[in-house]
Protein chains: 2
Amino acid sequence: MKFEVTILGSSSATPIFHRNPTSQILNINEKILMIDCGEGTQQQMLRYGIKYHKIDHIFISHLHGDHFFGLIGLISSMHLNGRTKPLYLFAPPELQEILDIQFKYSGTIIKFPIEFHATQAQKSEVILETNDFFVETIILNHRIPCTGFIFKQKIKLRKVIKEKVNQLEIPSQFLPLLKRGIDFIDKDGNIHKAEDLTTDPDVPRSYAYCSDTLADGSYFRYLQDVDTLYHESTFMHDMQDRAKETFHTTSLEAAQIAREMNISKLLIGHFSARYRDLTPLLLEARTVFPETYLANEGETFMV
Amino acid sequence: MKFEVTILGSSSATPIFHRNPTSQILNINEKILMIDCGEGTQQQMLRYGIKYHKIDHIFISHLHGDHFFGLIGLISSMHLNGRTKPLYLFAPPELQEILDIQFKYSGTIIKFPIEFHATQAQKSEVILETNDFFVETIILNHRIPCTGFIFKQKIKLRKVIKEKVNQLEIPSQFLPLLKRGIDFIDKDGNIHKAEDLTTDPDVPRSYAYCSDTLADGSYFRYLQDVDTLYHESTFMHDMQDRAKETFHTTSLEAAQIAREMNISKLLIGHFSARYRDLTPLLLEARTVFPETYLANEGETFMV
């Protein structure tokens, strides 16, 4: 099952060096989700060929502008492009007021339903569940309420080996049981083991998104054994004091979290405008966690 | 005296084909002014090397998103870049509320004064006057209150010819009179004509900005004899019905206005997403008004 993330923006605070503010696109089995939506996100979507109408779910971590200033424009464009199906928006409650006032004064009546789910920054909760995956918030520690998000695939059923099932003439009503691992007994009383008639399901994978936060340990446990972790790395570790002061993380700290929490792959992003060349941030993280990659714009990573 | 306009965005409604929503930069004798600020304007400024701190005045025509969604991000970036000097903002009154609510929920206290001048859409008024120029609003006819802006250079003083003045030993106290065209009488009673001792001042030029509007004639008189007119041309004339319905102008109508009002140069922009190639709009306008140019992004026009 496809599970990948495409980076639309990697800058913190302000756009700089052709780096845009934060936004990411998740593709989970062809369901397209957006995480954060900094200014210029719709232009980035055009650049990388991501269609407005494919997105039904948008998750906003917090109300600093570099994470949501592009949302009003994206919703307006969806509206102008004739969207009618609902958009599901998961965000701090105040965002609704920010959107509403702008629609009001522009005389815009959005032609599709916006199903607003207000996130809460006190405790982790499951905010979305589909057939394939669910989404849980992570409580981060930033200057204003901020949640991360974990996207976890569900454990899937075993996959039937068609030839074997046809050969034994197993009735179709039995297949759901077989997929759950229940052995089949034929009319002569022979037991056919489920594991011989099916193959293992895909191992469920998970993606965690952590931006912006002080690396203070309070949320690390949510990240245990996650496959791919995106973690903000605004500064290098020589700027640790500045990172603490602004409730941000250094690339070394992000790498330490990845190592401690048994992550498979770490993506770092939300880079400060002080770094034109990002290689030093990458190399610093790799001293601790070799499987680190820069969340460069336009790149797609398998989760 | 320098008087030129640089185009940062030429798209209507939504960004498309690498065209950004509306924004323009005016340079009048090294004073840098911004007109409208669609989403991604600050990214365009980076692209074309326009520094945040050079801009002290921003004019917003109306509260459709393609004309102001980039403003909150630009102000935030000015703040994060340590600005302390005032920013003068001329815009419909409701914009203040839109900005304030976003600063409130992001916990941002802007470190520089924003001097907000609420424009009114009932009658034309002078909203800014400097030593070099003044700015007047034009009442346009759009779906929501919308003003255009005219930037008019002031009539300057005559320029003293230094060699002649030195030769005649004209006292420096007399120079301001000479610049106003008053003749000099020397101690022997000889009259030295001001026009012989000075050269003509620069002819004051003017730039008018009209976006978005129905071409209904109510505002044409404000445009009489303007040097350079930017006028929206959202559609070609075969879409005149659609233009009327949406309170927009066709390229043919824009050209007719330019011809009737004795304009020297016409810039057309605010192009509908239906036009990938803009040449047909240009050619249509030039059938009526040959001195028409496309307001292409990154291009600078002398006024």
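1. Buried means under 20% relative accessible area, exposed means over 50%, and partly exposed lies in between, with a 1.4 Å probe and protein chains only. By that scale N190(A) is partly exposed, because its relative accessible area is 39%. N190(A) sits in the loop between strand 11 (184-185) and strand 12 (191-192) of chain A; helices (H or I, at least four residues) and strands (E, at least two) are DSSP runs, numbered from the N terminus. Beyond residues up to four places away in sequence, N190(A) touches F184(A) and I185(A), a contact being heavy atoms within 4.5 Å.

2. The model is predicted: local features need pLDDT of at least 70 and side-chain atom pairs count only at pLDDT 80 or more, while totals for chains, interfaces and linings use all residues. Residues are numbered from 1 along each chain as its sequence is written, chains are lettered from A and ligands numbered from 1 in the order in which they are written, and side-chain values use heavy atoms, with hydrogens and water left out.

3. The UniProt annotation "binding site", from an unreviewed entry, covers H62(A), H64(A), H142(A) and D212(A). These residues are spread over 151 residues of sequence but cluster in space, with a largest C-alpha distance of 10.2 Å. The lining of the second largest pocket includes H64(A), H142(A) and D212(A) from this set. UniProt positions are given in the numbering used here, feature names are shortened, and annotations may be inferred rather than shown by experiment.

4. H142(A) is in the loop between strand 8 (133-139) and strand 9 (147-153) of chain A. H142(A) counts as buried because its relative accessibility is 8%. Leaving aside neighbours within four places in sequence, its contacts include H62(A), H64(A) and D212(A), together with T246(A), F247(A) and H248(A). The side chains of H142(A) and H64(A) make a polar contact at 3.2 Å. A polar contact is a pair of N or O atoms within 3.5 Å; within protein, one must be able to donate a hydrogen and the other to accept it, and residues adjacent in sequence count only if both atoms are side-chain atoms.

5. D212(A) lies in the loop between strand 14 (206-210) and strand 15 (228-232) of chain A. D212(A) is buried because its relative accessible area is 2%. Not counting residues up to four places away in sequence, D212(A) touches residues including H62(A), H67(A), H142(A), E232(A) and H270(A). Its side chain is joined to that of H67(A) by a polar contact of 2.9 Å.

6. For "active site", UniProt (unreviewed entry) lists D66(A). D66(A) is in the loop between strand 4 (55-59) and helix 2 (71-80) of chain A, and counts as buried because its relative accessibility is 9%. The side chain of D66(A) makes a polar contact of 3.4 Å with that of H67(A). Among the residues that D66(A) touches, not counting those up to four places away in sequence, are S12(A), A13(A) and H270(A).

7. The second largest pocket has a volume of about 1,100 Å³. Of its 43 lining residues, the closest to the centre are A13(A), T14(A), S76(B), L80(B) and N81(B). A pocket is an open set of points on a 1 Å grid over the protein atoms alone, where a 1.4 Å probe fits, with protein on both sides within 12 Å along at least five of seven lines; lining residues have an atom within 4 Å of a point. Grid points are joined across faces, edges and corners, and a volume is the space filled by probe spheres set on the points.
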